[in-house]
Amino acid sequence: MAVSLYLLAVDAHDLKGLATFWARVLDWRIVHEDDEEVIIAADENALPGIIFLSVPEEKAGKNRLHIDLAPDDQAAEVERIIGLGARRVDVGQGEVSWGVLADPEGNEFCVLRPKKSLLG
């Protein structure tokens, strides 16, 4: 049986705000929205997407799963994403070649150097 990644689910306190932030970061769009969930994707037929699920509580603790972004220009992309509402964070990473940021609800993610494959 074949399987593929369909959606990455993210709990959100400010459902629309967090979905809009990530849609702007990824240059995606909102493809579905109601009071309990918002789905973003490149388009409604592109997989995978990200679904933001409404929860009453705010984030607590470090993420066990996070997103890695691989832009053409790391420094420029870090600054662009900070301009969208992210902030730099220290999760104990020390001296590394990637930038660690947090989205508006504190979810950590990394901005890597340009990548051509999963191995380099």
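First, some ground rules. This is a predicted model, where local features need pLDDT of at least 70 and side-chain atom pairs count only at pLDDT 80 or more, while totals for chains, interfaces and linings use all residues. Residues are numbered from 1 along each chain as its sequence is written, and side-chain values use heavy atoms, with hydrogens and water left out.

Start with the largest nonpolar core, which has 21 residues. A nonpolar core here is a set of buried Ala, Val, Leu, Ile, Met, Phe, Trp, Tyr and Cys residues joined through side-chain atoms within 4.5 Å, and buried means under 20% relative accessible area (1.4 Å probe, protein chains only). Phe21, Trp22, Phe52, Ile81 and Phe109 have the most contacts inside this core. Two or more residues each come from β1 (7-12), α1 (15-26), β3 (37-41), β4 (49-54), α2 (74-84) and β8 (108-111); helices (H or I, at least four residues) and strands (E, at least two) are DSSP runs, numbered from the N terminus. The largest share, seven residues, is from α1.

Now zoom in on Phe21. Leaving aside residues up to four places away in sequence, Phe21 touches Ile81, Leu84, Gly85, Ala86, Asp103, Pro104 and Phe109, with contact meaning heavy atoms within 4.5 Å.

Definitions and conventions
Buried means under 20% relative accessible area, exposed over 50%, partly exposed in between (1.4 Å probe, protein chains only).
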